[in-house]
Structures are given as structure tokens and as C-alpha cells.
Protein chains: 2
Amino acid sequence: MSERREGEGALPIDPGKVPDATVAFIGRVGSAWKDRADCPKNMAAARQTGQPAMLQLDEAYRPGLDGLQRSSHAVVLTWLDRSVRDLIVQKPRHAAAPSGVFALRSPARPNPIGLHVCRIVAVDAANGVVQLDSIDVLDGTPLIDIKPYFASTDSIPDASRAERESSD
Amino acid sequence: MSERREGEGALPIDPGKVPDATVAFIGRVGSAWKDRADCPKNMAAARQTGQPAMLQLDEAYRPGLDGLQRSSHAVVLTWLDRSVRDLIVQKPRHAAAPSGVFALRSPARPNPIGLHVCRIVAVDAANGVVQLDSIDVLDGTPLIDIKPYFASTDSIPDASRAERESSD
């Protein structure tokens, strides 16, 4: 259980103890970020640091990388294993009011899956290594999936987010 | 174990039996697609059908929707529970050659997480319902996460994918 800020709310159950399905870790992220204070809070901030990142896949999963080098970008899914899972309403440190977790990109969520759209720098399938431009997670974070990014379905340049209104 | 096409390869282990972490289902997808033959293969095809979709959240998770209505689009993560998980090299039906699973958006993957960028039509947090423009998964598919889509970090309009070369 994490420290609570005013207006935050917890679930009546811990989603980490509801085993509807199981996740297998397929490898780990290598990043420059060794603790939370240093770790960029999103991909824009991560790219601004100029610090590259990499994915190291476990041996069994390496044949799965064949062909990924044809894509310029990937969606990387990670398992944010240091996050609490029961904080359903959260008040980010710099926000004026609390929000539901599904309106936030907070790492604390019922299923702590991190989603990172990254540029692929190089793929070494034999050694299970994918070099990336950058990433916004701690070094050693478990990797659970890599998907090729398709601009046709994944890119919505005019997607928007309204400012919070006083009545919100 | 699914039927194998030439050039496909399986993992030595079943990732569904490697419980590194557990996933909680937070609700279900409602879609027009009752069986695989009808189900669109990607979000572009789904949108072309003009068939809307919805997410129905379980009661405990509904407070998590507060604020999502401010976003025009969301990333919806689903658990593709009818997929095999050990097919590490796959030959899509219309492809000339096999590819690694991480170069494909196939539902059959070590962690069968579906990623769908959807337009939000309406959010009814009290009843746990999110109306979407469309979705490319079967009716009843488990829901595991919803994230607000941020064009600043999630949209890469010039992301590309090279054609497969003969030497590939």
C-alpha cells in the first residue's frame, strides 16, 4: 500500500491477487535509470535526455525478433513491477484534483503495463538485443511484448485532451 | 497447440505456464464480432465496417474512468484469451515467408495482449461503460487496461515499415 494523497481512493481488492491470467517475462529493459528520482516520467522527457536504451530478450524468445528490423518504430510493453495496483483514483503530484487511473498514464494501475512507443535503432536477433532511441522505465524492468508500430492504425496526430473544467 | 504452417516454430515452453505475474480482468469488450471469421483483422478494417463497440467495466474499477471523457482517443489493452502462446515464428496466411512474432500484430503471442487505438465516443463512469468508434476483437474479450492516448508521445505519423527483401 502506498502513501495516499487527499482525494485518492483504493480498490476493495488487490488486482495482484486476482489471477485471471498469467504473464511471462520475455526479457528485461536496459536503461540509464537506476532509481525513480532519475527516471523520466514519459517518452518525450526520455528522448530529451538523449540516453539510449535496449531490450534484452531471454534466449527462447529471440527467434521472435526476425523481421522487426523492417519497422522504424515499435510499441514496447513492460511490466511495472514496483507499482501498487489498487489505487483506482489518483492525484498526481502536480495535478489540481484527483483523476481515475484510466485517465492517467501512471505506473500504478490494476494491471501495471507500461506502453512505450520507441524508435528502433538496431535489432540483433541472434543475441536477443533491440537498441532503442530511449525509454522511460527503470533499468531491469521486465519486458512482456514488442509489437511493430503501424502509422495506419496507431498514429492519431490530432488526438486531443481537453483541459479539466471547474465542473469536471 | 494450433495447426502449423511451413516454416513456423514453437517455443520449448508454454508462456501460459510461466506465472511471472498475474493479470486481473477489469471488464469485457462488447463488439459485433461473434466469431473469428467475421472479426476484422486490424483497427483500420474495424473502422471501415462502421460497427461501434463498447467496454463494460466491472463495478470495482468504474471510479477509474473519471476524467477519461477529456481524451478524444484511448489505448485499449485486451487479453486475447483464445490465442495460443507458444508460436514464436509465424507465417500469416497471406505472407510469402514466416516472421518472428514480435514483427507481427498476430493475436498468438507469448503474452496475448491486444493493443487497440480507439476513438472515445462517450464515457458513462457510473455504469462503467465506454462507447468506442470500433474495435477489432471478438465480443466478450477480457479487458485489462485503458490509457489516455497522447499524440505527443504515442503518434508517429512518419513511422514506416520496409518491404521484405529477398535477403530478409
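In what sense do strand E4 and E9 of chain A pair, and over how many bridges? Keep in mind that this is a predicted model. E4, residues 53-57 of chain A, runs antiparallel to E9(A), and four bridges hold the pairing. One position to look at is Met54(A), whose bridge partner in E9(A) is Gln131(A).

Stay with E9(A), residues 129-132. E8(A) is also joined to E9(A), by four bridges, and these two strands run antiparallel.

E8(A) and E9(A) form a hairpin, with four residues between the two strands. Gly128(A) sits in the turn and has a positive phi of about 70 degrees.

Which residues of E9(A) are on the covered face, and which on the uncovered one? Val130(A) and Leu132(A) make up the covered face. Val129(A) and Gln131(A) make up the uncovered one.

Next, the open sheet in chain A. Three strands form this sheet, in the order E1-E6-E7, with antiparallel pairing. E1, residues 9-10, and E7 of chain A stand at the edges with a single partner strand each, so one side of each has no neighbour in the sheet. Between E1(A) and E6(A) there are two bridges, in the antiparallel sense. Ala10(A) has Leu87(A) as its bridge partner in E6(A).

Chain B has an open sheet of three strands in the order E1-E6-E7, and there too the pairing is antiparallel. Its edge strands are E1 (9-10) and E7 (99-100), each pairing on one side only. E1(B) is joined by two bridges to E6(B), residues 87-90, and the two run antiparallel. E6(B) is in turn joined to E7(B) by two bridges, again antiparallel. In E6(B), Val89(B) is the bridge partner of Gly9(B), and in E7(B), Gly100(B) is the bridge partner of Val89(B).

Now the two chains together. How is chain A laid on chain B? A turn of 180 degrees with a shift of 0.0 Å along the axis does it, at an RMSD of 0.0 Å. That is the relation of a two-fold axis. The same surface serves both copies, as 100% of the contact residues of chain A recur in chain B.

As for the contact itself, 68 residues of chain A are in contact with 68 residues of chain B. Several elements of chain A each supply at least two residues to the side that touches chain B, among them helix H1 (43-49), strand E5 (73-79), strand E8 (113-124) and helix H2 (151-154). The largest share, six residues, comes from E10(A). By residue class, the side of chain A that touches chain B has 40 nonpolar, 16 polar and 12 charged residues.

Last, a pairing that crosses between the chains. E2(A) pairs with E2(B), residues 21-23, in the antiparallel sense over three bridges. Within that pairing, Val23(A) stands opposite Ala21(B). E2(A), residues 21-23, is also one of the elements that supply at least two residues to the side touching chain B.

That is what I have.

Key
Residues are numbered from 1 along each chain as its sequence is written. Chains are lettered from A and ligands numbered from 1 in the order in which they are written. This is a predicted model: local features need pLDDT of at least 70, side-chain atom pairs count only at pLDDT 80 or more; totals for chains, interfaces and linings use all residues. Two strands pair if DSSP finds at least two bridges between them. Copies are superposed by least squares on the C-alpha atoms of residues with pLDDT of at least 70 in both. Two residues are in contact if their C-beta atoms, placed from the backbone, lie within 7 Å. Ala, Val, Leu, Ile, Met, Phe, Trp, Tyr, Cys and Pro count as nonpolar, Asp, Glu, Lys and Arg as charged, and the others, Gly among them, as polar. A residue is buried if 20 or more other C-beta atoms lie within 10 Å of its own, exposed if 12 or fewer, and partly exposed in between; C-beta atoms are placed from the backbone.
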